[in-house]
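My notes follow in the order in which I went through them.

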Amino acid sequence: MNYSVRAWVVAILVCLVASNVFICDVNAAGECGKTPIRSAAASLSPCLSAAGNARAAVPPSCCSKVGSLIKTAPKCLCAVLLSPLAKQAGIKPGIAITIPKRCNIRNRPAGKKCGRYTLP
């Protein structure tokens, strides 16, 4: 009986620690602030064709979204480009990283590293 009580207490402690880690993770601000990376990626959907083809025209709506993201959360753009979600959508990071330059965004963080890529 003593062993089962101890095992029960340990199980409850493990559950409490695990739930606390989950709660902290949900409330934490990542590269995209409090915006989930999926939402940030979805906001860049106008860029999808330009992110997979270097010759595709970059729509003005994409340029405005990217410009806004660079201004408010530049690390978020990198996080989105390197995310598994982007890979599933067919985004090629080496091409997508050129979008700020292709949009002629003046205050882009040129020369900054994004994974193994450098913003032109």
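This is a predicted model: local features need pLDDT of at least 70, side-chain atom pairs count only at pLDDT 80 or more; totals for chains, interfaces and linings use all residues.

**Entry 1: a serine in a loop**

I began with Ser 83, which sits in the loop between helix 5 (74-81) and helix 6 (84-88). What does its side chain reach? I found the backbone oxygen of Val 80, at 2.8 Å.

**Entry 2: the chain as a whole**

Next I stepped back to take in the overall layout. I counted eight helices and two strands in the chain. Going along the sequence, I wrote down the order as α-α-α-α-α-α-α-α-β-β. The chain has 120 residues, and 28% of them count as buried. For the accessible surface I noted about 8200 Å², with 62% of that belonging to carbon and sulfur atoms. I also looked at contacts with a separation of 6 or more: residues 24 or more positions apart account for 56% of them.

**Entry 3: helix 5**

Which residues of helix 5 are buried? I listed Cys 76, Leu 77, Cys 78, Ala 79, Val 80 and Leu 81. That makes six of the eight residues of helix 5, so I described this helix as largely enclosed by the rest of the structure. I then asked what covers these buried residues. The cover includes helix 2 (37-43), helix 4 (60-72), helix 6, helix 7 (93-96), helix 8 (99-102) and strand 1 (113-114).

**Entry 4: helix 4**

Helix 4 was on that list, and I checked its length. I jotted down its buried residues as Cys 62, Cys 63, Val 66, Leu 69 and Ile 70. Looking down the axis of helix 4, I saw that these fall within an arc of 135°, so they line one face of the helix. The buried residues of helix 4 pack against helix 5 and helix 8. On the face turned away from the buried side, I found the exposed residues Pro 60, Lys 71 and Thr 72.

**Entry 5: the disulfides**

With several cysteines in my notes by now, I searched the whole structure and found four disulfides. I wrote up three of the links in turn.

- I looked at Cys 47 and Cys 62, whose sulfur atoms are 2.0 Å apart. This pair links distant parts of the chain, with Cys 47 in the loop between helix 2 and helix 3 (48-52) and Cys 62 in helix 4, 15 residues apart. The link of Cys 47 and Cys 62 is right-handed, with 110° about the S-S bond. Both Cys 47 and Cys 62 are buried.
- I then took Cys 63 and Cys 103, joined with an S to S distance of 2.1 Å. Cys 63 is in helix 4 and Cys 103 is in the loop between helix 8 and strand 1, 40 residues apart. The torsion about the S-S bond of Cys 63 and Cys 103 is about -80°, so I noted this disulfide as left-handed. I found Cys 63 buried, and Cys 103 as well.
- I went on to Cys 78 and Cys 114, with an S to S distance of 2.1 Å. Cys 78 lies in helix 5 and Cys 114 in strand 1, so the pair ties together parts that are 36 residues apart in sequence. The link of Cys 78 and Cys 114 is right-handed, with 110° about the S-S bond. Cys 78 counts as buried at 18% relative accessibility, and Cys 114 is buried at 1%.

How are the bonded cysteines paired when numbered in sequence order? I wrote the pairing down as 1-5, 2-3, 4-7, 6-8.

**Entry 6: an asparagine to finish**

My last stop was Asn 104, in the loop between helix 8 and strand 1. Its phi is near 60°, a positive value in a residue other than glycine. I noted the background alongside: most residues other than glycine have a negative phi. Asn 104 is exposed, with a relative accessible area of 62%.

Notes. Residues are numbered from 1 along each chain as its sequence is written. Side-chain values use heavy atoms; hydrogens and water are left out. Helices (H or I, at least four residues) and strands (E, at least two) are DSSP runs, numbered from the N terminus. Buried means under 20% relative accessible area, exposed over 50%, partly exposed in between (1.4 Å probe, protein chains only). Contact means heavy atoms within 4.5 Å. Accessible areas come from the Shrake-Rupley method with a 1.4 Å probe; for residues, only the protein chains shown count as cover. A polar contact is a pair of N or O atoms within 3.5 Å; within protein, one must be able to donate a hydrogen and the other to accept it, and residues adjacent in sequence count only if both atoms are side-chain atoms. The arc is that of the directions from the helix axis to the C-beta atoms. A disulfide is a pair of cysteine sulfur atoms within 2.5 Å.
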